[in-house]
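I opened this notebook to record what I looked up in one structure, entry by entry.

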Amino acid sequence: MAGRFRETALLGLTKGEVIDAVSASRLGRVLDPLAHLLRRNGSLTLGHEAARVLVQAFNYAHSEGVPGAYAEFGVWTGRTFVEAWRVGTAAGTPRRYFAYDSFEGLPEVEGGDQTGRWETGEFSQSRRAFEARLRRAGVPAGDVGIVEGFFDATLTPAVAEPREVAIAWVDCDLYLSTVPVLDFLTDRLSQGAILLFDDWFCFKGDPDAGEQKACREWLSRNPGISLIPWRQFNWAGQAFIVRRAETKEPAA
Ligand SMILES: C[S@@+](CC[C@H](N)C(=O)[O-])C[C@H]1O[C@@H](n2cnc3c(N)ncnc32)[C@H](O)[C@@H]1O
């Protein structure tokens with residue numbers, strides 16, 4: 001069914017637009033410090049722009065029949081991951097959800113990555129805490145694959161699953177972390193997949209740093225892949241639709 005859209009409408013406004021209007025109001029500004037505190041304590045769910053782009057991505061993938069899993073590279077506390085499972089399940093197409101993280105935080109920050117604001121070990125969060133959050137949110141263990149370890153060791157061509165990825169959320173901050181993620185995805189991204197970079201405009205937007213640099217180099221290594229700019233979200237996020245020169249062979 002084309003154009004299926006699951007956001008609730010209120011007075012002709014989408015839920016995101018209602019939230020935007022409340023945030024911009026005097027009440028929204030008064031409540032903002034409280035919201036900030038709650039967010040810092042992890043008590044709030046995802047910010048509405050990230051939640052909204054997830055809804056759009058899953059509705060798009062469902063409506064356009066894009067097959068494959070959701071894969072998130074850098075899951076930290078699981079906030080985005082749980083929201084992805086929630087909206088993905090509501091969108092209708094059954095999918096698996098893959099979480100990739102060292103669960104020790106960022107690797108050694110070196111080379112050009114040192115020009116950013118990142119620190120070695122930042123975002124350290126145990127796998128146990130991540131799994132506990134999934135349980136609290138009611139995410140069935142069978143829906144999820146967790147791959148623990150640093151990407152340069154875990155994201156190898158020999159890894160069998162997932163063979164197809166419909167939505168990839170790349171949220172690992174650093175150039176050196178993004179390189180193995182994109183190489184891992186090269187043959188797995190479905191035609192029309194959504195590729196989201198959470199940190200695209202970090203490094204003060206420098207196109208020669210971070211996720212932008214890794215992506216540009218990946219595209220030049222893979223001329224059969226092109227990216228159609230799709231949406232921006234939050235203050236640093238950029239999402240693309242992936243076009244492949246040839247339709248991928250269906251999984252054997
Ligand atoms: C900003 S946090 C992710 C936030 C999460 N997506 C969310 O929305 O709540 C970045 C994560 O990437 C992980 N990470 C970064 N580089 C990595 C690497 N090379 N290997 C494994 N994990 C990495 C860190 O451990 C951290 O949990």
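**Entry 1: burial and conventions.** I call a residue buried if 20 or more other C-beta atoms lie within 10 Å of its own, exposed if 12 or fewer, and partly exposed in between, with C-beta atoms placed from the backbone. The model is a predicted one, in which local features need pLDDT of at least 70 and side-chain atom pairs count only at pLDDT 80 or more, while totals for chains, interfaces and linings use all residues. Residues are numbered from 1 along each chain as its sequence is written.

By this count Asp173 is buried, because 24 other C-beta atoms lie within 10 Å. I then looked at its backbone and found a phi near 70°, which is positive although the residue is not glycine. Asp173 sits in the loop between β6 and α7, where helices (H or I, at least four residues) and strands (E, at least two) are DSSP runs numbered from the N terminus.

**Entry 2: other backbone exceptions.** Most residues other than glycine have a negative phi, and most peptide bonds are trans. Lys204 also has a positive phi, near 50°, and its place is the loop between β7 and α8. Is Lys204 buried or exposed? I noted it as exposed, since 10 other C-beta atoms lie within 10 Å. The peptide bond between Glu161 and Pro162 is cis, with omega about -5°, and Pro162 belongs to the loop between α6 (151–154) and β6.

**Entry 3: the whole chain.** I counted eight helices and nine strands. Of the 252 residues in the chain, 37% are buried.

**Entry 4: α3 against α4.** Two packed helices are described by the angle between their axes and the distance between the axes. The axes are lines fitted to C-alpha atoms, for helices over the stretch in contact, with angles running from 0 to 180 degrees between N-to-C directions. For α3 (residues 48–63) and α4 (residues 79–91) the axes come within 9 Å and cross at roughly 40°. The contact involves Ala50, Ala51, Leu54, Val55, Phe58, Asn59 and His62 of α3, and Thr80, Glu83, Ala84, Val87, Gly88 and Ala91 of α4. I sorted these residues into eight nonpolar, four polar and one charged, where Ala, Val, Leu, Ile, Met, Phe, Trp, Tyr, Cys and Pro count as nonpolar, Asp, Glu, Lys and Arg as charged, and the others, Gly among them, as polar.

I also checked the helix lengths, for which the expected span is 1.5 Å times one less than the number of residues. The 16 residues of α3 should span 22 Å, and the end C-alpha atoms are 22 Å apart, which agrees. The 13 residues of α4 should span 18 Å, in agreement with end C-alpha atoms 18 Å apart. The buried residues of α4 are Thr80, Phe81, Val82, Ala84, Trp85, Val87, Gly88 and Ala91, and their cover includes α3, β3 (69–73), β4 (97–101), α5 (127–136) and β6 (165–170).

**Entry 5: α7 against α8.** The axes of α7 (residues 175–185) and α8 (residues 210–221) come within 8 Å and cross at roughly 35°. Tyr175, Thr178, Val179 and Leu182 in α7 meet Gly210, Glu211, Lys213, Ala214, Cys215 and Trp218 in α8. By class this contact has six nonpolar, two polar and two charged residues. Ala214 of α8 is buried, with 23 C-beta neighbours inside 10 Å. Its C-alpha is 9.8 Å from that of Asp183, a residue 31 positions away in sequence.

Entry 6: Phe130 lies in helix α5 and counts as buried, with 20 C-beta neighbours inside 10 Å. Beyond four places in sequence, Phe130 touches Val75, Thr77, Gly78, Phe103 and Gln125. Around the ligand I found 20 residues, the closest being Gly74, Thr80, Ser102, Asp171 and Ser177, where a residue is near a molecule if its C-beta atom, placed from the backbone, lies within 6 Å of it. This shell divides into nine nonpolar, six polar and five charged residues.

Notes: Contact = placed C-beta atoms within 7 Å.
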